[in-house]
Amino acid sequence: MEHDRSRESPSREGTSLPGEWPSSALGQSFSQILHRLTSQESRRGKGKSAAVQDLGALIEATERDQFFEGSGTSLHGMPEMLGQVAKALEKYAAPPKEQEGRGHGYSEVAEKAAAVGLVFLKLLGKFEAAKNSLVCPKWKTGLRDLAGPIYIFAVTHSLEQPWTSPTSHDVAGEVLALLLQVTECGSVTGFLHGENEDEKGRFILIMELLKADLNKESWKNNPATKHVFSWTLQQVPRPWLNQHLERILPPSLLISDDYQTENKILGVHCLHHIVLNVPAADLLQYNRAQVLYHALFNHLYTPEYHLIQAVLSCLLDLFPVLEKGLHWKGGGARPTTHCDEVLQLILTHMEPEHRLLLRRTYARNLPAFVKRLGILTVRHLKRLERVIIGYLEVYDGPEEEARLKTLETLKLLMQYTWPRVSCRRVVLLKALLKLICDVARDPNLTPEPVKSTLLEEATDCLILLDHCCQGQVKGLLVKILQSCEDSKVVNCIRKVQQVSEGTPYDGT
């Protein structure tokens with residue numbers, strides 16, 4: 001009930017002061033229905049449901065030109081009245097607070113949404129018919145107040161969420177498609193930023209409507225608001241997004257700072273879209289990039305693999321922005337970067353980590369950090385060596401993603417830091433040979449294509465290790481070749497020897 005009070009429109013929507021709304025019979029009818037939709041007395045009963053049905057019947061029986069009376073001639077004409085009715089309908093069909101919307105509550109929301117969607121389809125149908133009529137040249141003005149609430153309703157119920165049903169989902173999709181058709185927009189992106197340079201777009205309008213439910217105190221009153229905001233934000237690419245940075249950055253940070261993991265991930269996805277679609281100069285202004293970095297960095301202490309993946313992906317795209325103004329002038333050690341700081345923390349978490357999903361997530365992103373740092377990865381060489389050896393020893397499931405990504409990391413590491421590899425040849429050689437033997441003798445845990453890929457990658461690492469050590473690895477492998485009886489292991493060693501000597505390997 002508290003949620004319902006927080007979402008009720010101001011009391012003036014339910015009043016009918018003289019001269020505030022159209023004085024025609026139609027205007028009075030809409031005013032009465034608006035009062036019923038916003039009245040607190042009808043909250044517990046079926047009054048609002050009946051009001052929605054009556055509204056659908058009224059729209060169906062009304063001639064299209066009557067919807068545009070008073071527009072531009074009075075402060076509150078029929079289009080403004082319709083806008084208030086649309087807002088009331090959108091709030092009526094909105095899902096309740098998360099703790100209140102379980103089971104039966106969400107099924108009621110889907111039923112309400114289906115009924116409201118049918119009303120919106122009838123109303124938009126009138127506007128579509130008015131487009132081709134010379135009698136109704138003001139249809140665009142009339143649509144101005146309707147477009148925002150209808151869009152929010154359509155997105156709320158067209159996303160796959162607990163409060164939607166197949167019926168409400170389909171109806172909401174039809175409403176969104178008809179809204180785009182009526183507004184003459186080819187896509188949601190065009191609807192939001194404008195189909196051409198002269199058209200303003202409706203992104204600001206949508207953000208203003210969502211603003212009341214996107215502050216610290218109210219953003220959880222309606223569980224759909226965060227999803228509507230996130231989905232809408234991600235429909236707007238560069239170069240249109242930077243002009244709205246002040247509107248979109250605070251809500252994104254707010255959502256990402258929640259205690260619930262799903263909200264953190266949603267907020268991080270919003271921040272990632274901002275990083276990708278706002279110019280670096282705008283992100284660096286007012287220290288915004290640093291704010292983003294610290295908000296993301298703090299999430300790395302949370303042991304949730306979905307969140308870690310989202311955060312690392314965002315950070316990897318944020319590093320070029322943060323390091324844009326850094327230039328090494330020589331004469332001393334290069335200063336550590338944000339990428340160094342993040343990699344150091346990742347390696348700290350990787351060493352003792354035993355949960356497979358987190359191990360895979362860390363290993364999946366490790367090659368990108370080595371590529372980003374290049375030769376500066378040498379700062380982390382000792383820790384990387386321990387992590388690589390530890391991760392190569394542990395079976396990672398049928399797909400072996402962690403071990404494959406660890407081998408990729410090792411190859412990159414040897415390419416960038418080859419002068420430091422020779423002194424580690426024995427340790428790395430033992431780890432790679434142990435991996436090859438384990439995979440070759442694995443009876444049935446790993447599929448054959450994955451085994452072949454693992455053996456091939458490990459062999460490539462041995463070849464690269466031999467190049468880094470000026471052929472010393474080849475000499476160490478001679479005795480193993482004489483005593484080993486496993487054909488798969490022998491083939492790998494022969495390939496290393498033949499490739500190192502410049503002889504093409506024939507696989508026999």
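1. A quick definition before anything else: a contact here means heavy atoms within 4.5 Å. With that in hand, take the contacts in the protein chain between residues at least 6 apart in sequence: 70% of them join residues at least 24 apart. Keep in mind as you read on that this is a predicted model.

2. On the overall make-up, the protein chain has 23 helices and 0 strands. It runs to 508 residues, of which 53% count as buried.

3. Have a look at Lys 226, which sits in helix H10, spanning residues 223–233. Is this lysine buried or exposed? Its relative accessibility is 3%, and buried means under 20%, so Lys 226 counts as buried. As for a partner, the side chain of Lys 226 makes a polar contact of 2.6 Å with the side chain of Asn 263.

4. Next, helix H14, residues 288–299. A check on its length first: with 12 residues at 1.5 Å a residue, H14 should span 16 Å, and its end C-alpha atoms are 17 Å apart, which agrees.

5. Which residues of H14 are buried? They are Arg 288, Ala 289, Leu 292, Tyr 293, Ala 295, Leu 296, Phe 297 and His 299. As for what they pack against, the buried residues of H14 meet helices H11 (245–256), H12 (261–277), H13 (280–284), H15 (305–322) and H16.

6. The pairing of H14 with H16 (residues 338–350) can be looked at by itself. Their axes are 12 Å apart and the helices pack at an angle of about 5 degrees. Angles under 35 degrees count as roughly parallel, so that is what H14 is to H16. From H14, the residues involved are Gln 290, Tyr 293 and Phe 297; from H16, they are His 338, Glu 341, Val 342 and Leu 345. Sorted by class, this contact has 4 nonpolar, 2 polar and 1 charged residues.

7. Last, the pair H21 (residues 448–468) and H22 (residues 472–483). How far apart are their axes, and at what angle do these helices pack? The axes are 6 Å apart, and the angle is about 125 degrees. H21 and H22 are therefore oblique to each other. On the H21 side the contact is made by Leu 462, Leu 465 and Asp 466, and on the H22 side by Gln 472, Val 473 and Lys 474. By class, the residues of this contact divide into 3 nonpolar, 1 polar and 2 charged.

Note on methods
Residues are numbered from 1 along each chain as its sequence is written. This is a predicted model: local features need pLDDT of at least 70, side-chain atom pairs count only at pLDDT 80 or more; totals for chains, interfaces and linings use all residues. Side-chain values use heavy atoms; hydrogens and water are left out. Helices (H or I, at least four residues) and strands (E, at least two) are DSSP runs, numbered from the N terminus. Buried means under 20% relative accessible area, exposed over 50%, partly exposed in between (1.4 Å probe, protein chains only). A polar contact is a pair of N or O atoms within 3.5 Å; within protein, one must be able to donate a hydrogen and the other to accept it, and residues adjacent in sequence count only if both atoms are side-chain atoms. Axes are lines fitted to C-alpha atoms, for helices over the stretch in contact, and angles run from 0 to 180 degrees between N-to-C directions. Angles under 35 degrees count as roughly parallel, over 145 as roughly antiparallel, 65 to 115 as roughly perpendicular and the rest as oblique. Ala, Val, Leu, Ile, Met, Phe, Trp, Tyr, Cys and Pro count as nonpolar, Asp, Glu, Lys and Arg as charged, and the others, Gly among them, as polar. The expected span of a helix is 1.5 Å times one less than its number of residues.
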